[in-house]
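Here are my notes on the model you sent. Please read them with the sequence and structure open.

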Amino acid sequence: MKFSASVLIAATCVTSAYGEFFLTENFNDEGWTSRWTESSTWKPKGEMGAWKHTAGEWFGDADDKGIQTSEDARFYGLSAKLDKPFTSSSDKPLVIQYSVKHEQNLDCGGAYIKLLPEGDKFDAAGFGGDTPYAVMFGPDICGTSNKKTHVILNDHVKDENLLVKKEVSTETDDLTHLYTLIIKPDNTFQVLIDNKSVREGPLDEHFDFLAEKTIKDPDAKKPEDWVDNAKMLDPEDTKPDDFDDQPEEIADPDAKKPDDWDDEDDGDWEPPMIDNPDFSGEWKQKKIDNPDYKGKWEHPMIDNPDYSFNEEMYKVCKNGCTHVGFEIWQVKTGTLFDDIIVTDSLEEAEEYAQKTFFAKKDGEKKMYDEHMEKKKAEDEEAMGDMEDGGGDDDYMGGMGDMGGMGDMGDFDMDGMMGDEF
Ligand SMILES: *[C@@H]1O[C@H](CO)[C@@H](O)[C@H](O)[C@H]1NC(C)=O
Ligand SMILES: [Ca+2]
């Protein structure tokens with residue numbers, strides 16, 4: 001029996017009016033390392049980065065810590081067992097919620113969380129990118145074009161992981177944001193960022209859970225004599241007999257032999273040539289509407305015999321989810337995670353958000369603004385020094401810290417991502 005803060009909170013929450021939670025983690029006590037296991041055999045030690053237990057550079061409460069990635073260009077693996085397994089049920093949703101703060105102006109790295117189904121078979125030491133998962137959810141940023149909130153759900157029928165079809169936006173600033181995924185037994189889902197819906201709808205519309213409802217009729221073929229051309233040459237239109245009689249150029253009828261022209265010295269005078277206004281170029285037969293044209297042939301659709309609705313798409317944890325974890329790669333580190341909750345009640349998650357994210361948010365923003373004001377003043381001072389005779393190079397060095405190396409970073413990263421994945 002552990003007498004950690006999280007267990008005490010657990011005891012109060014179990015009696016909550018709303019529902020049950022399966023894990024809450026606020027990382028505020030030193031004991032978090034006993035609840036979480038770092039992946040140790042997933043990658044060679046030198047490729048794994050260390051987690052820092054800290055409130056970060058700006059925060060709403062100095063004593064309220066989270067865990068932060070702390071070494072550039074490393075893998076991070078960390079997992080924890082749920083207090084009890086979550087099994088998808090027909091009357092309650094699955095809610096996963098956690099907060100993410102990219103203090104580093106993240107240029108490339110994952111910041112998503114995974115819900116894992118393996119029970120006693122789960123290998124915490126080896127937990128990594130290949131470990132089966134039920135849900136993958138949260139930010140993933142690389143370069144300027146790839147900035148999204150992943151939503152990937154396991155389809156237990158096909159045993160495939162399905163990526164949300166339309167990209168979900170993500171937050172990219174330096175402040176804490178709260179990510180919430182809700183999967184409901186009515187086969188709909190919702191993604192909230194800071195309690196605002198950024199995507200919601202039926203699971204079958206947003207993920208490829210089901211076969212297409214209709215397919216092209218395999219027995220239908222375009223008739224051989226189908227007329228594809230909307231226009232045809234006009235058979236009535238024939239080339240006039242005298243069409244080719246006109247030359248392309250004629251002697252300029254307005255040109256006059258100059259008065260001082262001397263036939264003997266200058267040779268015979270010839271008028272300059274001009275374009276013939278009566279020349280009509282190449283003859284082209286007129287086009288008319290084709291009376292046989294019936295429009296573009298459309299392949300007739302029929303009901304797909306392989307289509308059937310699946311009432312249990314929402315059952316991403318059909319056989320029980322037992323762990324949560326992070327397995328991410330980050331180029332520039334400094335992402336801080338906090339306030340994780342896995343519950344079967346949206347109200348529970350909201351109440352938890354009130355006590356955590358929403359309670360700290362304004363204080364953090366205030367501290368961040370002050371931090372940035374101070375930084376700006378320092379940068380301006382540095383710039384003043386430069387104008388007073390400081391070297392260009394020093395100043396450019398300063399710019400680098402402010403994110404000026406983004407482009408180079410992107411280039412490197414794409415290459416590295418390509419190798420790894
Ligand atoms: C979150 O949104 C819901 C629904 O829009 C609202 O009822 C609730 O009060 C919001 N919670 C917070 C903390 O803003
Ligand atoms: Ca915390």
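1. Strand 6 (residues 94-102) has nine of its nine residues buried, so it is largely enclosed by the rest of the structure. Buried means that 20 or more other C-beta atoms, placed from the backbone, lie within 10 Å of the residue's own; strands are DSSP runs of E of at least two residues, numbered from the N terminus.

2. This is a predicted model, in which local features need pLDDT of at least 70, side-chain atom pairs count only at pLDDT 80 or more, and totals for chains, interfaces and linings use all residues. Residues are numbered from 1 along each chain as its sequence is written, with chains lettered from A and ligands numbered from 1 in the order in which they are written.

3. Both faces of strand 6 are covered. Leu94, Ile96, Tyr98, Val100 and His102 are buried on one side, and Val95, Gln97, Ser99 and Lys101 on the other.

4. Strand 6 pairs (DSSP finds at least two bridges) with strand 12 (residues 176-184), antiparallel, over eight bridges. Ile96 lies opposite Leu181 of strand 12. Strand 22 (residues 335-343) also runs antiparallel to strand 6, joined by seven bridges, and Thr335 is the bridge partner of His102.

5. Ligand 1 is surrounded by Asn195, Glu350, Ala353, Gln354 and Phe358 (C-beta atom, placed from the backbone, within 6 Å of the ligand). Helix 5 gives the most to this shell, with three residues; helices are DSSP runs of H or I of at least four residues.

6. Ala353, Gln354 and Lys355 of helix 5 meet Phe357, Phe358 and Ala359 of helix 6 (C-beta atoms, placed from the backbone, within 7 Å).

How values were computed. Contact = placed C-beta atoms within 7 Å. Buried ≥ 20, exposed ≤ 12 C-beta atoms within 10 Å, placed from the backbone.
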